[in-house]
Amino acid sequence: MTSIDNDPLFTSLCNEKTLQSQKQGFFNEFYQSVAENFTGKSARWLQDVYQKVPSDKERLRLIYEDPVVAYEVQGTLEHVEPVFRGKDAKFSWQRREQALKLLGENKLQQALIIACQAVMRAPGQGVDRYIDKGLTLALALWTRAEVFIRQLDGKRALQDLQLAAKCGLPVKQNADYYARVAKCYALIGENGRAEVAAKLFHQLSGHNNYALGRLQEDLEDLRVLKQETPSAEVERSLPKLAGEGENGEILGASSKIKLAGSKEDPRGRYVVAAADLGPGEVILTEPAYAACLHAKYYGTHCSACFSRLIAPVACPDCCGVAFCSVTCRDKACATYHRFECQYLDLMIGSGMSILCHVALRMVTQAGTPEKVLEEGKMLRDTFCAHTEHRDPEDHFKRTLMTAFLLRCLQKAEFFGRRTTEAPEPTEQELEVGAVLLSALQSLQFNAHEVYETRITGEHRFDTAKVQYIGVGIYRGASMFNHECYPGVTRTFLGTAMILHTSRPIPAGAVVPENYGPHFMRQPKAIRQRNLRSRYWFKCDCRACAEDWPQMDKLPAKPRLRCPTEGCGNALAYPSKPSQRNAKCNKCKQQINLDANVKMLEASDQLCTTGAEMMASQPLEDERVDEAIELMKKGIALFAQAAHPPHKPTLVAEESLRSCFADKGNANRY
């Protein structure tokens with residue numbers, strides 16, 4: 001990679017997109033009101049004053065103190081107040097009644113949707129005693145549990161019943177409670193516990209033998225129905241790393257890769273193969289350092305782990321986000337969400353980008369200012385910010401965004417109870433603000449979009465589409481340099497990133513990732529423009545240096561590899577069998593290409609057969625694991641025989657990604 005060669009206008013647009021997602025948000029108005037002070041006599045303020053301040057911390061201090069901008073900045077920040085959607089007992093009660101009506105009509109999926117709304121909007125125990133005697137949440141959970149029992153989902157029904165009990169539902173003398181618990185255990189397959197719950201029901205019902213008999217009949221019916229209804233849920237787990245254990249340098253990485261380069265190297269620090277890597281090897285399974293869900297998925301995915309919601313659990317105070325479990329909720333509410341809860345709607349309304357939210361999350365998840373400052377040095381050492389190359393106007397906008405986010409932290413008492421309501425920060429707050437400002441710059445170059453595979457039809461690969469649901473920051477993954485022909489494929493499980501190799505990589509060679517512009521999908525000129533403007537470097541990878549054509553323009557046959565050991569020269573594919581005997585113009589040896597041609601034919605056959613196993617068959621007949629093994633062999637065989645690019649091999653590499661993604665975040669709609 002060589003130095004940046006900008007398209008200034010496009011670079012400015014790219015920078016803007018990483019800061020603001022909505023032009024109509026009030027942050028743009030905030031900036032414009034402050035920027036009006038740069039006119040007239042102060043027209044050179046950004047260049048002559050702001051840009052000459054030596055550090056992020058002092059630039060942040062400047063906007064609170066310099067008379068050119070301080071009045072407008074502080075005056076606006078004084079108006080920051082909580083903006084969030086709170087609980088509503090009456091709304092929850094109405095939704096609960098509606099869910100019960102739908103349940104009576106056997107409209108189970110509609111009943112579940114409405115019951116979930118009742119749960120999400122219900123206030124906690126005792127908050128509103130005028131409705132349901134303060135038990136609105138418990139009763140909403142009770143109703144949803146009945147829906148899950150009718151759907152034969154004993155696990156989630158039991159979770160709701162247990163949560164309802166914690167939220168105040170009377171259970172000591174409640175025979176109906178133990179009847180439902182018995183049904184849950186019967187559905188789960190824990191028959192011993194089901195019998196214990198049934199005995200408790202019998203006691204609390206006054207030893208009503210008839211009622212017990214009816215319950216036991218219901219339990220048996222549920223067991224039979226459950227056996228006849230196959231589960232659509234698949235338990236997924238992170239794959240095992242290739243090699244002998246985990247890498248000591250890179251979090252979550254295989255011992256078969258290592259770091260090379262240095263901060264002084266034009267390429268920075270980057271990942272190389274510590275041993276020969278074959279296609280399909282797992283070289284990274286890294287949890288996100290911080291990750292945020294796109295706001296449009298707040299109602300469909302867990303805000304903490306990004307799993308799709310079925311039985312959402314609400315924050316006790318707001319209705320803005322949901323969690324998949326009590327565990328995710330409690331973890332979030334004990335750390336970042338307690339500071340973000342009442343300001344999420346305000347931040348969305350500001351028009352700030354999701355990268356700004358990730359920057360804030362890096363701070364709020366730390367929990368204390370001291371922890372932020374402790375980790376701040378590590379973050380600056382890991383993630384490049386390119387502050388010295390940033391346009392002063394763009395840097396000022398990020399400083400202004402930092403001031404807004406810092407004000408939200410002040411109001412949320414991240415720094416404890418303040419002695420003043422004035423927005424002007426203390427020294428400690430300025431230091432935390434400097435960490436925020438550094439993150440607002442570095443995330444432009446280091447963040448990764450988190451995706452899931454969306455399946456909409458009968459065949460999962462034919463109808464699978466990538467859907468971006470959030471953004472994460474990964475310390476280990478940020479060390480991989482870009483090439484337009486990547487050596488790895490990126491998938492996700494929850495917020496954890498998984499990198500598989502997509503082709504063979506010899507020991508000592510760079511292990512490249514792809515930042516978005518792939519040579520198959522974009523011509524060189526557009527790729528180079530996007531990389532220069534978005535990531536600030538000029539790519540000189542092999543695909544760019546040789547100007548490889550896009551997928552639809554690839555030649556029918558690839559260049560063959562010289563069979564002489566250590567040569568590796570690229571030779572034109574012989575159009576006639578008689579041309580397979582030739583002299584290599586690099587090693588000067590007489591060679592025969594028969595073996596290469598046969599390996600290439602075998603490679604194509606393996607990749608084609610693997611692809612056929614993936615699709616155009618009923619779902620239960622798709623043989624994904626077998627397809628993976630065939631395509632891995634085909635890709636490895638191609639690397640021995642020929643040089644990329646080669647259409648069947650590229651298709652196989654993309655098919656591998658689809659297979660690995662199917663084992664990660666995948667949801668049927």
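1. The note opens with an open sheet of four strands, whose order is β4-β8-β7-β16 and whose pairing is mixed; two strands are taken to pair if DSSP finds at least two bridges between them, and strands (E, at least two residues) and helices (H or I, at least four) are DSSP runs numbered from the N terminus. Because β4 (290-293) and β16 (666-668) each have a single partner strand, they stand at the edges, and one side of each is left without a neighbour in the sheet. Direction ignored, neighbouring strands of this sheet are turned by 40° against each other on average.

2. Before going further, please keep in mind that this is a predicted model, in which local features need pLDDT of at least 70 and side-chain atom pairs count only at pLDDT 80 or more, while totals for chains, interfaces and linings use all residues. Residues are numbered from 1 along each chain as its sequence is written, and side-chain values use heavy atoms, with hydrogens and water left out.

3. Within the sheet, strand β7 (residues 447-455) and strand β8 (residues 464-473) run antiparallel and are joined by nine bridges, with Tyr-451 standing opposite Tyr-468 in β8. Helix α16 (residues 354-364) packs on the sheet and touches β4, β7 and β8, where contact means heavy atoms within 4.5 Å; the direction of α16 makes about 135° with that of β4. Helix α19 (residues 427-446) also packs on the sheet, touching β7 and β8, and its direction makes about 50° with that of β7. For these angles, axes are lines fitted to C-alpha atoms, for helices over the stretch in contact, and the values run from 0 to 180 degrees between N-to-C directions.

4. The largest nonpolar core has 103 residues, and those with the most contacts inside it are Ile-63, Phe-396 and Val-511; such a core is a set of buried Ala, Val, Leu, Ile, Met, Phe, Trp, Tyr and Cys residues joined through side-chain atoms within 4.5 Å. Helix α18 (residues 392-411) gives the largest share of this core, nine residues. Apart from it lies another core, of 51 residues, among them Ala-118, Phe-148, Val-171 and Val-181.

5. Ser-254 lies in the loop between α12 (209-228) and β1 (257-261), and it counts as buried because its relative accessibility is 0%, buried meaning under 20% relative accessible area, exposed over 50% and partly exposed in between, with a 1.4 Å probe and protein chains only. Leaving out residues up to four places away in sequence, Ser-254 touches Leu-241, Ala-242, Gly-243, Gly-245, Asn-247, Val-282 and Ile-283. The side chain of Ser-254 reaches the backbone oxygen of Ala-242 at 2.5 Å, and a polar atom of that side chain lies 2.9 Å from the backbone nitrogen of Lys-256.

6. On the cysteines, the structure holds zero disulfides, a disulfide being a pair of cysteine sulfur atoms within 2.5 Å. For Cys-116, the nearest cysteine sulfur is that of Cys-324, 13 Å away, and Cys-116 is buried, with a relative accessible area of 10%. For Cys-356, the nearest cysteine sulfur is that of Cys-292, 10 Å away, and Cys-356 is buried, with a relative accessible area of 0%.

Note on methods. Polar contact = N/O pair within 3.5 Å; in protein donor to acceptor, adjacent residues only side chain to side chain.
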